[in-house]
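Please open the model in your viewer and keep the selection panel at hand. The stops below go from one selection to the next, with a short account of what is there.

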Amino acid sequence: MSNRNIEFGKGSRVLFGLIAIGAFLIGVRYIGGLGTVTNLSDKYPWGLWIGIDVLTGVSLAAGGFTLAAIVHIFGKEKYHAVIRPAILTAFLGYIFVALGLIVDLGRGWNIWHVIFFWNRDSAMFEVGWCVLLYLTILALEFAPVIFEEYGLNSWQEKWGKYSPWLSIILVSWFVFVMTGYPWYAGIAFIILAIFYFTYRRSLPKGSTVLLLIIAGIIFSFEHQSSLGTLFLIVPTKLSSLWYTPYLPLNFLLSAIMVGLAMVIFESSLSSRVFGFGLEKDVITGLAKKLPWLIIVTAVVRLYTLYQQTGFVLEGTPAQLFFLGLEIIAGLLLPLVMLLFPGASDSPKTVFYAAAMVIAGVVINRVSVSMVGINIPDIPAYVPHPGEILITLGIISAGIMTFYVMCTKLPVFEKH
Amino acid sequence: MKTTINQKGFLIDGTKCIGCRACQIACKQWNELPAEKTEFFGGDGYQNPADLSSKTYTLIKYREVIKKDKLVDWVFHKDQCQHCLEPACVSACIVGALQKTAAGPVVWEDRRCIGCRYCMLACPYNIPKFEWYSINPDIKKCTLCSDRIENGLPPACAKACSTGAITYGSRDELLKEAKKRLKSGPDTYYQHIYGEDEVGGTCVLNISSIPLEEFGYPGNLPKESLSTTTDPAMKSIPGVVIGLGAALGITAFIVNKHKKQLSEESQSQGDQS
Ligand code: SF4
Ligand code: SF4
Ligand code: SF4
């Protein structure tokens with residue numbers, strides 16, 4: 001990677017434009033209140049920002065932990081080449097999710113209250129802590145890339161020494177915060193500490209990074225599912241096309257699935273943008289795993305839908321349309337595409353199938369948070385142009401940062 | 001929280017209401033809420049303003065009962081926070097800014113709120129309201145005049161009501177009274193006490209000549225508190241974290257141990273050759 005010059009082409013000018021517009025509108029929002037740039041109302045207090053910036057953002061950042069599990073836990077070294085970009089995506093994804101969330105909060109400057117005022121009954125409380133802790137873990141997972149680039153060897157050493165302990169402590173702390181029982185936290189601490197010592201004694205050097213990976217996967221699991229938990233409290237407001245007591249499970253499974261799809265999608269795209277020819281083998285291998293994850297997600301999704309509705313589907317035309325898209329275009333079609341013999345060898349088929357899976361999950365999250373929520377007699381919520389532009393601005397900022405970091409830092413491995 | 005012995009509440013009897021809206025005005029006065037610019041005939045009936053908002057904590061809703069194209073009755077109902085016994089809004093609030101007090105009222109504490117609006121989503125009656133045009137927005141809703149109750153005064157709206165449509169008292173007594181009224185007036189009342197069982201029961205009990213669903217109240221609410229819907233997921237956290245941690249840790253150990261063996265074997269083979 002000798003050529004590290006950033007080139008800002010036409011595409012980036014569009015991105016910069018969107019960032020500027022978004023920033024301006026965020027300014028307006030902080031002067032006039034949320035009502036000035038949104039269509040949110042007392043009846044529809046949540047809208048596009050929760051649906052896209054938060055719910056969708058988090059689900060698409062799932063590539064980080066899905067791949068970390070494949071490579072580190074299940075030992076599939078061959079995918080090592082794509083783990084850094086996946087972790088960077090997750091890291092930036094979460095940073096921009098947090099940013100979007102702060103814009104959405106009426107009193108974003110109070111966000112630190114979550115650390116001091118605890119309400120264990122609240123699903124939102126779990127969500128808040130998961131964002132905080134997983135962001136810390138992602139920063140730790142990504143740190144070596146920066147140490148490597150700037151030759152910070154002493155930092156790297158300290159990282160090797162302390163990051164496992166930090167991971168253990170954060171997981172135990174999370175258990176304590178969520179339960180209030182020190183002994184539960186103690187059990188978590190002891191189990192993870194045992195792993196740490198065992199790894200140090202009998203596994204190859206460097207295996208202590210596994211603690212960090214395990215912590216990351218735990219927080220991801222909890223976070224993805226907790227976003228589903230959020231909507232359990234609205235059994236009468238959320239359409240039965242999406243509501244189910246198993247919503248957290250649906251969120252978790254679809255996140256794991258879309259995590260893999262994102263890695264495939266991104267690797268195909270980045271290898272084009274950055275010209276680092278990935279071994280085709282890598283994408284093919286991942287593409288072979290994707291159908292299984294689709295099957296699991298689809299079976300649970302359809303079964304819970306059946307439980308809830310008996311397949312007597314009722315809803316507004318928009319709701320039925322979104323449901324159809326989610327299930328047919330987002331689950332069944334890509335599954336069929338990938339099951340054709342030899343499909344996983346065709347980069348094009350794989351790319352489009354992954355894109356469809358991603359679109360399906362986006363539609364699902366948008367449905368649960370917006371389309372599926374209907375208050376009788378009140379016209380459905382439709383996002384305000386201001387909301388859309390701010391979201392686009394935040395996404396553009398995310399893409400831009402990703403591009404700059406990939407160019408400046410050793411994110412893609414040399415071959 | 002389940003005990004209702006000491007909890008105060010209202011019995012709202014729509015059949016006694018004459019739609020004068022003295023309560024609406026009294027509420028505004030006591031809580032120093034600004035007037036709202038309204039439009040005549042904002043929706044069903046003649047209610048004004050059309051809905052609760054950050055400036056209106058209570059509202060008399062109007063409904064016309066039409067039978068065979070003839071207006072046979074005009075029914076009124078007082079809309080406000082129901083002060084649930086186990087409120088969804090309280091369980092939802094991330095920082096505990098909403099609290100259920102021992103005396104019954106559900107109140108919001110300004111200092112803590114982060115403005116996430118999850119309480120608004122969670123409330124089955126869409127009660128908490130938000131200041132959409134404020135830089136430092138509050139969550140606004142009826143407080144059951146907690147500040148008055150604490151000082152031994154009845155809530156402002158109840159005091160203002162001259163027809164007995166709003167009775168203030170202990171919930172247990174009010175429930176008895178409500179049952180008595182339904183029994184003595186089988187033709188006057190629609191035979192249901194809205195708030196006795198809805199979402200685990202509420203401090204505000206409502207009776208009327210028509211079902212409350214006609215006033216836009218949800219008719220499909222469960223009998224348990226809505227917080228029971230998120231309970232299992234929240235309770236599962238320690239189990240999932242510890243179980244998942246153990247499973248991942250063991251899998252990683254087995255896989256990596258195996259790999260180490262393989263690489264040692266291939267190394268020793270390499271040494272021999
Ligand atoms: S009616 Fe809504 S705002 Fe009032 S206590 Fe119940 S859940 Fe909370
Ligand atoms: S908006 Fe405020 S009161 Fe409502 S749930 Fe969020 S933090 Fe709690
Ligand atoms: S109890 Fe107090 S705050 Fe609630 S409606 Fe009556 S006057 Fe308003």
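## A tour from the interface inwards

Begin by colouring the two chains separately: chain A and chain B bury about 5,800 Å² between them, of which carbon and sulfur atoms give 66%, buried area being the accessible area (1.4 Å probe) that two parts lose on being put together, summed over both. On the chain A side, select Asp42(A), Arg107(A) and Ile233(A), which lose the most area to chain B and together account for 15% of what that side buries. The contact, meaning heavy atoms within 4.5 Å, takes 71 residues from chain A and 63 residues from chain B.

Before going on, note that this is a predicted model, in which local features need pLDDT of at least 70 and side-chain atom pairs count only at pLDDT 80 or more, whereas totals for chains, interfaces and linings use all residues. Residues are numbered from 1 along each chain as its sequence is written, chains are lettered from A and ligands numbered from 1 in the order in which they are written, and side-chain values use heavy atoms, with hydrogens and water left out.

Next, select Trp108(B), which is found in strand β5 (residues 106-108) of chain B; strands (E, at least two residues) are DSSP runs, numbered from the N terminus.

Now show the ligands with the residues near them, a residue being near if one of its heavy atoms lies within 4 Å. In the classes used here, Ala, Val, Leu, Ile, Met, Phe, Trp, Tyr, Cys and Pro count as nonpolar, Asp, Glu, Lys and Arg as charged, and the others, Gly among them, as polar.

- Ligand 1 has 13 residues around it, of which Cys81(B), Gln82(B), Cys84(B), Cys89(B) and Cys123(B) come nearest; its shell has 10 nonpolar, two polar and one charged residues.
- Around ligand 2 there are 13 residues, with Cys93(B), Cys113(B), Cys116(B), Arg117(B) and Cys119(B) nearest, and the shell divides into 11 nonpolar, one polar and one charged.
- For ligand 3, the nearest of 13 residues are Cys27(B), Asn31(B), Cys142(B), Cys145(B) and Cys157(B), in a shell of nine nonpolar, three polar and one charged residues.

Strand β1 (residues 8-13) of chain B pairs with β8(B) in the antiparallel sense over five bridges, and Phe10(B) stands opposite Tyr168(B) in β8(B).

For the last stop, select strands β2 (residues 59-67) and β3 (residues 70-79) of chain B, which run antiparallel and are joined by nine bridges. Lys61(B) has His77(B) as its bridge partner in β3(B), and Val65(B) has Asp73(B). The hairpin has two residues between the strands, and Lys68(B) takes a positive phi near 50° there.

Notes
Pairing = 2+ DSSP bridges. Helix = DSSP H or I, 4+ residues; strand = E, 2+ residues; numbered from the N terminus.
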